[in-house]
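Welcome! Take a moment to look over the sequence and the model below, and then let us walk through a few of its features together.

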Amino acid sequence: MKRGLRFQPQHMAGWLFADMLLVLALVAMGDQGDPQAADQRPGASSSASAAAKRARHTGPRAVVRTPVKVAVDAPSGDDAGIVRALRGATARYRGRQAAFVLTFGRHTDPGAGGAYAHEVNSLLEKARPDMFRAATTRDFWKGGASSGHADIEIYFYTY
């Protein structure tokens with residue numbers, strides 16, 4: 001006698017549970033507010049102060065996934081020159097706060113390139129205290145023939 005496969009309701013219980021879990025996950029994700037949407041709200045007064053703009057945000061801040069890339073050219077050991085270069089490179093981003101900063105020091109020697117990146121990172125807060133206060137920094141080496149140059153990637157908070 002040939003036995004055929006019969007439908008058993010117990011087999012569907014696992015799939016039903018997985019589908020319900022997926023629905024719950026989608027509802028939970030859809031319930032989260034968009035921190036960038038508050039900045040794009042139409043009708044917002046352009047004369048509102050920065051404090052008033054921050055007051056309307058609710059929930060935790062997020063970090064923008066795309067970095068702002070700037071470059072600094074100043075000789076190693078010239079703290080005043082590095083600070084000037086940092087102020088010039090970050091001038092258009094005033095009013096924003098950095099979450100973390102990746103600095104790539106260019107040099108033929110990895111040790112010297114990393115040391116230059118560290119020197120630049122140590123002067124970030126001096127150049128722009130409000131922008132870089134409590135920002136996480138990382139020093140990296142980037143191969144290159146020119147010394148006294150750093151490529152900086154700044155990841156800002158959304159608000």
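Which residue in β3 is the bridge partner of G105? That partner is W141. Please keep in mind that this is a predicted model.

**The strands**

|---|---|---|---|---|
| β3 | 136-143 | parallel | eight | G105 with W141 |
| β4 | 149-156 | antiparallel | eight | L102 with E153 |

Strand β2 itself covers residues 98-107.

**The nonpolar core**

The largest nonpolar core has 24 residues, and L86, I152 and I154 are the ones that touch the most other members. At least two residues of this core come from each of β1 (68-73), α3 (79-90), β2, α4, α5 (124-127), α6 (129-132) and β4. Helix α3 gives the largest share, with five residues.

What does L86 touch, leaving aside residues up to four places away in sequence? Its contacts are V72, V120, L123, L124, A127 and I152.

**A buried charge**

Now for E119, which sits in helix α4 (residues 110-122). E119 is buried but has no salt bridge. The nearest side chain of opposite charge belongs to K126, 10 Å away. Not counting residues up to four places away in sequence, E119 touches S76, G77, D78, D79 and I82.

Definitions and conventions. Residues are numbered from 1 along each chain as its sequence is written. This is a predicted model: local features need pLDDT of at least 70, side-chain atom pairs count only at pLDDT 80 or more; totals for chains, interfaces and linings use all residues. Side-chain values use heavy atoms; hydrogens and water are left out. Two strands pair if DSSP finds at least two bridges between them. Helices (H or I, at least four residues) and strands (E, at least two) are DSSP runs, numbered from the N terminus. Buried means under 20% relative accessible area, exposed over 50%, partly exposed in between (1.4 Å probe, protein chains only). Lys and Arg count as positive and Asp and Glu as negative; His and the chain ends are not counted. A salt bridge is a side-chain nitrogen of Lys or Arg within 4 Å of a carboxyl oxygen of Asp or Glu. Contact means heavy atoms within 4.5 Å. A nonpolar core is a set of buried Ala, Val, Leu, Ile, Met, Phe, Trp, Tyr and Cys residues joined through side-chain atoms within 4.5 Å.
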